[in-house]
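Look over the sequence and the model before reading on.

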Amino acid sequence: MLALRLPVIAACVAGAVCAAGGEVDQAAQRLDQLAAKAPKALAIEFRMRAAEAVAARHPELAKTFVAQCVADLKAGHDWVVGDGVVQSLAQMSPEDALAVLPHLVPGYTQIVIGALARARRTDQAIALYLDLLHRGQMRPAAASAILGPLSREDSARAAKFFVQVLAAVGDPLDPSDAAWIVNSAGGIGRSAPDVAAAAIERVLKAASAPDYGEISSPVILGSFAAGGKTITTTKTRDTLLLAAAERLRAIAPERLEKYKDALAAWDLSGGLHLRSFSYRASTPAAAPGEPRAAENEITRRMGLIRGKATDAERAQLVMEIARDIRALPPGQGKVGAIRSLANLSTEGALGKEALTAVATTMAEAIRDSFPVLIEARRPWPYGDTWIELAKLVRYEHVAAPYPDPALDAAGALLELRERVQQEN
């Protein structure tokens, strides 16, 4: 069965290239065999990662891996797979990425759109985005994944796309959409000032209403410099008024005069500069001791690791942080925290005890958190976390916390990457 799935292996030609390719082929076979023993969604992800690894030097082998992944996805429904699967698929085989979207749970479309845009598959990215926008399944802000690359490649087409998105944005203008317009118009204004100015004026007209944005969530905050003074806004309306005024002044200052009454609360005669946008939830922040506060404290303490004078001090702090991560509830925060700690723990020589604590905590986070994340039906880099754990086992010689087919497949993927690198 494996020979049928990876027929390119049998096509290896003779000579030095064949000898090198033989090691890659053997590693590919091993990965395929071990992936087949892992949960199906992870098997798909590891095979897509394998396709990435071999694509440059072994394109036919990559195509075979991709074909297997696509066949598996099309054979099922409501897949929850690592977000890297659709990112890679959109870059390597855009048509297949679009074809498998109906077989995935909602949430992957934006990932595909961004990947298509980065791969310069602009027509496909725009068509998919606009279709979903008109159906009410995509927000204007999601257009930024396309608009950014497109502005650098074809400014006239970017302006046209911007207009198409604006045409689908209804009134009254939602504050989040208004913020996207303000942020995007600056780039559009360099090549299409009339288009950008008209869009910004739409924001100014909406925000001129005294009660605009009062019940919006989150609250949009801003920091501005005006005539040597700092203006800090605490209301969505004020933030959008000033941000839009700053953009319009830069693009078409003569059009700002009609909004002087709405802007009369501030002295803008000395100029205006937007420093930053930020967002604040309209509901109270989590109290100390709740999960978010605990995650923030763990992040703060991770920032202290590199500042310790010796490896022994760093190792002690790493073990303490690993213990605190184990106390977090299962979920995205726990997995993200231990992955960050794993990256820091391989700097220097922290010793087997510290690395084992990290690996054990990562294995626990995977075991407890992945069912929660999958139940939430959300994209997540599932395979990447297994790969991080496999790196600790393979390169730091930490004992595997417990036997698992996914860990074996992740280790085989690392071996395949090594074999490809050794060909260079």
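A crossing is left-handed if the near helix is turned anticlockwise from the far one by less than a right angle, and right-handed if clockwise. The crossing of α10 and α12 is left-handed. This is a predicted model, in which local features need pLDDT of at least 70, side-chain atom pairs count only at pLDDT 80 or more, and totals for chains, interfaces and linings use all residues. Residues are numbered from 1 along each chain as its sequence is written, and side-chain values use heavy atoms, with hydrogens and water left out.

**Helix pair α10 and α12**

- Helices (H or I, at least four residues) and strands (E, at least two) are DSSP runs, numbered from the N terminus.
- Helix α10 covers residues 155-167 and helix α12 residues 193-207.
- Their axes come within 10 Å and cross at roughly 25 degrees; axes are lines fitted to C-alpha atoms, for helices over the stretch in contact, and angles run from 0 to 180 degrees between N-to-C directions.
- α10 and α12 are therefore roughly parallel to each other. Angles under 35 degrees count as roughly parallel, over 145 as roughly antiparallel, 65 to 115 as roughly perpendicular and the rest as oblique.
- From α10, A159, F162, V163 and L166 meet V195, A199 and R202 of α12. Contact means heavy atoms within 4.5 Å.
- This contact of α10 with α12 has 6 nonpolar residues, no polar and 1 charged. Ala, Val, Leu, Ile, Met, Phe, Trp, Tyr, Cys and Pro count as nonpolar, Asp, Glu, Lys and Arg as charged, and the others, Gly among them, as polar.

**Helix pair α7 and α8**

- The axes of α7 and α8 come within 8 Å and cross at roughly 150 degrees.
- That angle makes α7 roughly antiparallel to α8.
- The crossing of α7 with α8 is left-handed.
- T109, V112, I113, L116 and A117 of α7 meet T122, Q124, A125, L128, Y129 and L132 of α8.
- The contact of α7 with α8 divides into 8 nonpolar residues, 3 polar and no charged.

**Second largest pocket**

- On a 1 Å grid over the protein atoms alone, a cavity is a set of points where a 1.4 Å probe fits but cannot get out, and a pocket is an open set with protein on both sides within 12 Å along at least five of seven lines; lining residues have an atom within 4 Å of a point.
- The volume of the second largest pocket is about 150 Å³. Grid points are joined across faces, edges and corners, and a volume is the space filled by probe spheres set on the points.
- Its lining consists of L98, L101, P102, G107, Y108, T109, Q110, L128, L132, Q137 and M138.
- α7 (109-118) and α8 (122-134) are the elements that give two or more residues to this lining.
- The pocket lining has 7 nonpolar residues, 4 polar and no charged.

**Cavity**

- The structure holds 1 cavity of 30 Å³ or more.
- The largest cavity has a volume of about 40 Å³.
- Its lining is A117, T122, A125, I146, P149, L150 and E153.
- α8 and α9 (144-153) each give two or more residues to the cavity lining, and α9 gives the most, with 4 residues.
- The cavity lining divides into 5 nonpolar residues, 1 polar and 1 charged.

**Backbone details**

- D171 and P172 are joined by a cis peptide bond, with omega about 0 degrees. P172 sits in the loop between α10 and α11 (175-189).
- S217 and P218 are also joined by a cis peptide bond, with omega about 0 degrees. P218 sits in the loop between α12 and β1 (219-226).
- D78, a residue other than glycine, has a positive phi near 55 degrees. D78 lies in the loop between α4 (59-74) and α5 (83-92).
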